[in-house]
Amino acid sequence: MTRAHADDAETLAARFAARATDLLAPVGVHYAEPPGSHPSTALTRVERRLRLADALARTAPPELFDGTPVRWAREPRSREDVLAWWRAWRAGRRTERLLVYVHVPFCRTRCSFCQFHSLASREEGERAAYVASLLEEAAAFESALGTLDADAVTIGGGTPSELDETSLRRVLDALVGRVFRLPEDGYFSVELNPDSCTAGKVRALVDAGVNRISLGVQSFHGPTLHAVARGYQRAEMVEAAVRYVREASADVELGLDLLAPLPEESLATFERGAGRALALAPDQIVLFRYQPVRRGASTIDAGAMPF
């Protein structure tokens with residue numbers, strides 16, 4: 001992207017952000033950087049993160065802080081190396097917050113904006129193998145460390161709701177009260193995709209103590225959804241997912257994730273989509289800034305948008 005092109009994209013993003021401030025004021029809008037630089041990945045110096053389910057691309061725990069952001073080792077580490085680090089951490093005086101992150105990498109398709117580790121696969125064998133590995137890893141952490149007191153837990157992806165209900169309950173049973181426990185005011189969040197969200201899966205999450213559910217809506221505009229490899233999504237899926245959450249519990253905070261400015265979307269279509277999001281009465285709307293992701297020679301560029 002040229003400098004002029006980048007400036008145009010910045011201007012466009014600013015226009016969308018300004019309009020979103022006006023439109024989404026009734027529920028409050030939280031701005032976030034592009035997926036992949038989400039605030040949850042920028043840990044402060046007083047936090048530790050326990051990462052589970054890196055079975056397909058295991059990462060080591062963070063090094064001791066030197067006042068800089070957490071750096072994760074790129075080279076694979078054995079499970080025993082990882083557990084040894086956490087044993088040493090627990091043996092010391094714990095003054096940091098502990099954040100638990102569980103990754104489910106599977107997706108229906110690979111969205112063009114996604115910068116996270118994900119697999120566009122619905123192969124049941126792969127999913128079963130991953131769940132088995134996750135359960136094995138959870139059991140190893142529980143055996144080595146006991147039950148950890150966590151301040152916040154996030155299950156993300158990928159798409160956690162791509163797991164079937166039975167697998168999801170097995171994962172939750174292996175984690176909650178075994179690998180970690182949360183205080184009454186603890187934060188337990190799960191990301192869901194509208195197309196794979198069911199009443200049974202939401203009930204499983206609520207039964208396990210989840211108190212925040214984030215729905216990855218991104219947009220309500222059909223051509224835009226097709227442009228970012230989400231052409232399967234329909235507004236009815238979003239509406240059903242919201243209904244499942246509201247029927248399961250009045251205490252679960254519901255968030256809708258939107259992206260802007262996306263390809264094939266104008267301010268007018270964004271305004272209509274924002275209106276539909278507001279009509280669903282979520283507790284929060286998170287507006288991510290779109291940033292194209294280059295994979296090989298294929299890129300959807302912000303400059304290709306019709307403005």
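These legends describe close-up views of helix contacts and strand pairings in a predicted model. Local features need pLDDT of at least 70, side-chain atom pairs count only at pLDDT 80 or more, and totals for chains, interfaces and linings use all residues. Residues are numbered from 1 along each chain as its sequence is written, and side-chain values use heavy atoms, with hydrogens and water left out.

**View A. Helix 2 crosses helix 3.** Helix 2 spans residues 79-91 and helix 3 spans residues 124-145. Helices are DSSP runs (H or I, at least four residues), as are strands (E, at least two), numbered from the N terminus. The two axes come within 10 Å and cross at roughly 35°. Axes are lines fitted to C-alpha atoms, for helices over the stretch in contact, and angles run from 0 to 180 degrees between N-to-C directions. The crossing is right-handed: the near helix is turned clockwise from the far one by less than a right angle. Helix 2 contributes Arg79, Val82, Leu83, Trp86, Arg87 and Arg90 to the contact (heavy atoms within 4.5 Å). From helix 3 come Ser133, Glu136, Glu137, Ala140, Phe141, Ala144 and Leu145. By class, the contact has 7 nonpolar, 1 polar and 5 charged residues. Ala, Val, Leu, Ile, Met, Phe, Trp, Tyr, Cys and Pro count as nonpolar, Asp, Glu, Lys and Arg as charged, and the others, Gly among them, as polar.

**View B. Strand 9 pairs with strand 7 and with strand 10.** Strand 7 (residues 152-157) and strand 9 (residues 187-192) run parallel over 4 bridges. Pairing needs at least two DSSP bridges. Ala152 stands opposite Tyr187. Strand 10 (residues 212-218) is parallel to strand 9, again with 4 bridges. Here Val190 has Ile213 as its bridge partner. Strand 9, helix 5 (residues 199-207) and strand 10 form a right-handed β-α-β unit. With the strands pointing away from the viewer, a right-handed path from the first strand over the helix to the second runs clockwise.

**View C. Helix 5 meets helix 7.** The axis of helix 5 comes within 9 Å of that of helix 7 (residues 235-248), and they cross at roughly 40°. Helix 5 is therefore oblique to helix 7; angles under 35 degrees count as roughly parallel, over 145 as roughly antiparallel, 65 to 115 as roughly perpendicular and the rest as oblique. This crossing is right-handed. Ala199, Val202, Arg203 and Val206 of helix 5 touch Tyr244, Val245, Glu247 and Ala248 of helix 7. The contact holds 6 nonpolar, no polar and 2 charged residues.

**View D. Strand 11 pairs with strand 12.** Strand 11 (residues 253-260) and strand 12 (residues 284-289) are parallel over 6 bridges. Ala260 stands opposite Arg289. With helix 8 (residues 267-279), these strands make a right-handed β-α-β unit.
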